[in-house]
Each structure stands twice: as C-alpha cells, then as structure tokens.
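Let's take a walk through this structure together, one piece at a time. Keep the picture open beside the text as you read.

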Amino acid sequence: MKDYLEFRRYCENNVLTCVFNCETYLYDIFMGDKVIISLIPYQVRRDFKSAVSDIETALDIHTCFGA
C-alpha cells in the first residue's frame, strides 16, 4: 500500500491523473485529456519504481512524438 500512496503522490506532483478503468482493469495515466500509458494494478500497487520508470518512458515518447 505504501508504494500505491507514493505512486499517487508522484502523479499529483507531475500533473498526471491516475484513473482505474473498469472495462480494461488497468490504471490509465492521463496527461491532460490523453492517456499516455496504462498500467496493471499489481505494478501500481506493489512496484512504485517500475511504474514510475514506465511512466517516464511514456512521457519521453509523448514529448518526442506529440502522441
């Protein structure tokens, strides 16, 4: 649970929104109104560093390609 709280704080500090998608059972990470990455719940709740690494990679791609 500690990782999940750190993850939520990370999202808030980086102006990202984390929403659980009931259709896909994934956490969608939004930047503004665009989903930049979807993560499995286990990763978000148990592996903060891995989740943040994946988000930062997605942000780099988003920035480079304007996806």
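## Starting from the sheet

Let's begin with the strands: three of them form an open sheet in the order β1-β2-β3, and the pairing is antiparallel. The edges are taken by β1 (17–21) and β3 (34–39), each with a single partner strand, so one side of each has no neighbour in the sheet. From one strand to the next, the twist averages 30°. Keep in mind that what you're looking at is a predicted model.

Strands of a sheet pair through backbone hydrogen bonds, and the pairing can be parallel or antiparallel.

Now go through the pairings one by one. β1 and β2 run antiparallel to each other and are paired over five bridges. As an example, C18 has I29 in β2 as its bridge partner. The hairpin that these two strands make has four residues between the strands, and in it Y25 takes a positive phi near 60°.

The hairpin of β2 and β3 has two residues between the strands, and G32 takes a positive phi near 70° in it.

Helix α1 (residues 2–13) lies across β1, β2 and β3, and its direction is at about 125° to β1. Helix α3 (residues 48–65) lies across β2 and β3, running at about 150° to β3.

So what sits inside? The largest nonpolar core has 18 residues, and F7, Y10, L16, I29, L39 and I55 are those with the most contacts inside it. At least two residues of this core come from each of α1, β2, β3 and α3. The largest share belongs to α3, which supplies six residues.

I55 is a handy place to look around from. Leaving aside neighbours within four places in sequence, I55 is in contact with F7, Y10, L16, I29, I36, I37 and L39.

Now for the aromatic rings. How many aromatic pairs does a search of the whole structure find? There are four. In one of them, the rings of Y10 and F48 have centres 6.4 Å apart and planes at 80°; an angle over 60 degrees counts as edge-to-face, so that is what this pair is. Y10 belongs to helix α1 and F48 to helix α3, 38 residues apart, and the pair links these distant parts of the chain. Are these two buried or exposed? Both fall under the 20% cut-off for buried: Y10 has a relative accessible area of 12%, and F48 is at 17%.

The rings of F20 and Y27 make another edge-to-face pair, because their planes are at 65°, with the centres 5.3 Å apart. Y27 is buried, at 4% relative accessible area, whereas F20 is partly exposed, at 35%. Ring pairs also join F20 and Y27 with Y4 and Y25 into a cluster. To finish, look at Y4 in that cluster: R45 lies over the face of its ring, 4.5 Å from the ring centre.

Methods: Residues numbered from 1 in each chain as written. Predicted model: local features only at pLDDT ≥ 70, side-chain atom pairs only at ≥ 80, totals over all residues. Heavy atoms only, no water. Pairing = 2+ DSSP bridges. Axes fitted to C-alpha atoms, helices over the stretch in contact; angles between N-to-C directions. Contact = heavy atoms within 4.5 Å. Phe/Tyr/Trp six-rings, centres within 6.5 Å; stacked < 30°, edge-to-face > 60°. Buried < 20%, exposed > 50% of the residue type's maximum accessible area, 1.4 Å probe, protein only. Lys NZ or Arg CZ within 6 Å of the ring centre and 35° of its normal. Core = buried A, V, L, I, M, F, W, Y, C linked by side-chain atoms within 4.5 Å.
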